[in-house]
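I am looking up charged side chains today. These are my notes, in the order I made them.

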Amino acid sequence: MSGAALGLEIVFVFFLALFLLHRYGDFKKQHRLVIIGTLLAWYLCFLIVFILPLDVSTTIYNRCKHAAANSSPTENSNITGFHATATPVPSQHPCFKPWSYIPDGIMPIFWRVVYWTSQFLTWILLPFMQSYARSGGFSITGKIKTALIENAIYYGTYLLIFGAFLIYVAVNPHLHLEWNQLQTIGIAAANTWGLFLLVLLLGYGLVEIPRSYWNGAKRGYLLMKTYFKAAKLMTEKADAEETLEDVMEEVRKVNESIKYNHPLRKCVDTILKKCPTEYQEKMGRNMDDYEDFDEKHNTYPSEKSLVKLHKQVIYSVQRHRRTQVQWQILLEQAFYLEDVAKNETSATRQFVHTFQSPEPENKFLQYFYNPTVEWYWECLLRPWFYRILAVVLSIFSVIVVWSECTFFSTTPVLSLFAVFIQLAEKTYNYIYIEIACFLSIFFLSICVYSTVFRIRVFNYYYLASHHQTDAYSLLFSGMLFCRLTPPLCLNFLGLTHMDSSISHQNTQPTAYTSIMGSMKVLSFIADGFYIYYPMLVVILCIATYFSLGTRCLNLLGFQQFMGDNDMTSDLVDEGKELIRREKRKRQRQEEGENRRREWKERYGQNREDSTRNRNVHVDPKESNLSDISTNRSASKYTRANNRTERDRIELLQDVEPLDFNAETFTDDPLESEPGRYQPGGRYLSMSHSRIFDDV
């Protein structure tokens, strides 16, 4: 099993990152480099979280093996005389290799590759790709140029911070600049920035995640919040539609002014390809390509203005499509919550849906998750399950807050994470060590990462599920993950006292800690910021519990869901009315479809039977006449087709030919109806040469 656990987790984490990226990104429409860059960033961050427990168990085994090797000479030195030179007596130290043991030399190389790749992504590649994906340029060179200009200030800030650390180290006479120390300074700068943001996100997630599950057990709360979201989303949806109309109007003007032989026509065609299909058809019908661009002295837009318009088109189309999809999803959620509220008082204990799902249900799932099981789960078991889960998560949150405030104390050990790991280390229960480490770091990761998925910075950064996240937000999330994960892991190792700089013990460090380097170069960070700044999580948890951030946003004019607010009540009523209106509209559609289906089933079969009986008893001559009249009527009602279709109908069916005795005739014979008076003074249907042909 040596190295097998590492290989299995590498494969599992890859598919986990791929699944999450497929949920939020769009593999078909987004650029491949955006997908690959985001997938690599998410994959490396998740990999660090999953592999770190294996590093802890391997380090504990190596410490045990090292202690056993050091204790053997001591035991043998007690043997007197010639026995002192004999073979050492085997140690009785209870060391055995864990099932997930990773051979020496693999973990340092693995961590070094993973860490420096993630740092290269977050500080250099992903910011450049963000500007490249958001650029409205029409060529690769133009997009690269725009990305370099936008990131000049970004990279200059990093160089300034790094230069400040270099000056500090150079001024200190007790320090000498070496490559390892420079590397440590860079790592310290990156981890300091990440730890600053980590504590903010962690303080929010430790309170909000248990509270969200507790409120999830309240049906009335969820339904009111859904109504509130519907009112806000409708406003955003209307704004997105209005913005799209304005941008499409600008595109229409540009499309009409720049003709086919203009040098910038290729840029306009590129913009038109990004527009919705209905707008492309409207603009295509109004094009006058026979006009040359230099025939009229008009003012034409510049390439710079077209680049700006291209950027606006990409943004407005993405936002419009996202709001449309989110509106449909929110409607389904609201309808389902209303169904749950109605079925709670059901005497039959059968879950009844107001609207059937448009997608075909899986028969295997439908067999086990039948209406009875669904009723017991949704109306009876799920609320209690959410309450129990909220209590368990609250206990975890209290343990994390306590450990963050006391992990620097080594005598006595106050951090509960360190107590659990040290108890397992005494018995060398590697399975328990890995499970405890995994659950601890997994909970910390959920609190931090879920906040990254929840936060929304206006329309600048927003992770929307169901493939509605734009490229810029995906890359930004990858940057955040790569910056948050290393300090998160260092914080976890400090909580468990596996970091020697926290435990102040001369023990073998983990392979991950050895890659980070010794922070003694920057003592004010190692002994100050890393120790005392995480205590700020207590204040952040209190602020989140009393919803201070939500109240501040409400005061600033950003409506947030609060039960004791008049604006919230108004938006809830508005959303309820919107949901009711959409529900009536969908009910009318279903009723219309049902009526058409019933009419087709009732009268369509009778019509087929009567037609079949009439055809059986009809005379052959009458059948021939019927076919001819049918062909005539068919030719009459196919005039709206194009000329090619009409020519084919004229060849295949018995269509009346043109009356060449008339003075004038139309280009299309099918435009002349039977019985229409022609300029020649006769009706075509009464032509002498055709009057008895059908008899």
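Entry one. I looked for surface charge and found a negative patch made by Glu242, Glu245, Asp246 and Glu250. The model I am reading is predicted. I placed Glu242 in helix α7, which covers residues 219–257.

Entry two. I checked the UniProt record, an unreviewed entry, and it lists residues 230–257 as "coiled-coil region". In the model that span is 100% helix and 0% strand, and its end C-alpha atoms lie 40 Å apart.

I turned to pairs of opposite charge. Side chains of opposite charge can pair when their charged atoms come close. How many salt bridges does a search of the whole structure find? I noted 13.

Entry four. In helix α7, Arg252 and Glu256 are four residues apart, so about one helical turn separates them. Their side chains form a salt bridge at 2.8 Å, N to O. Arg252 counts as partly exposed because its relative accessibility is 27%, and Glu256 is partly exposed at 33%.

I found Arg211 and Glu208 three residues apart in helix α6 (residues 179–216), about one turn. The closest N and O atoms of their salt bridge are 2.9 Å apart. Is Glu208 buried or exposed? Glu208 counts as buried, because its relative accessibility of 15% falls under the 20% cut-off. Arg211, at 22%, is partly exposed.

Helix α21 (residues 566–617) holds Arg580 and Glu577, three residues apart. I read 3.1 Å between the closest N and O atoms of their salt bridge. Arg580 is partly exposed at 38% relative accessibility, and Glu577 is partly exposed at 30%.

Key. Residues are numbered from 1 along each chain as its sequence is written. This is a predicted model: local features need pLDDT of at least 70, side-chain atom pairs count only at pLDDT 80 or more; totals for chains, interfaces and linings use all residues. Side-chain values use heavy atoms; hydrogens and water are left out. Patches are made of residues with over 30% relative accessible area and no salt bridge: like charges are joined within 9 Å, nonpolar side chains (Val, Leu, Ile, Met, Phe, Trp, Tyr) within 5 Å. Accessible areas come from the Shrake-Rupley method with a 1.4 Å probe; for residues, only the protein chains shown count as cover. A salt bridge is a side-chain nitrogen of Lys or Arg within 4 Å of a carboxyl oxygen of Asp or Glu. Lys and Arg count as positive and Asp and Glu as negative; His and the chain ends are not counted. The place of a charge is taken as NZ of Lys, CZ of Arg, CG of Asp or CD of Glu. Helices (H or I, at least four residues) and strands (E, at least two) are DSSP runs, numbered from the N terminus. UniProt positions are given in the numbering used here, feature names are shortened, and annotations may be inferred rather than shown by experiment. Buried means under 20% relative accessible area, exposed over 50%, partly exposed in between (1.4 Å probe, protein chains only).
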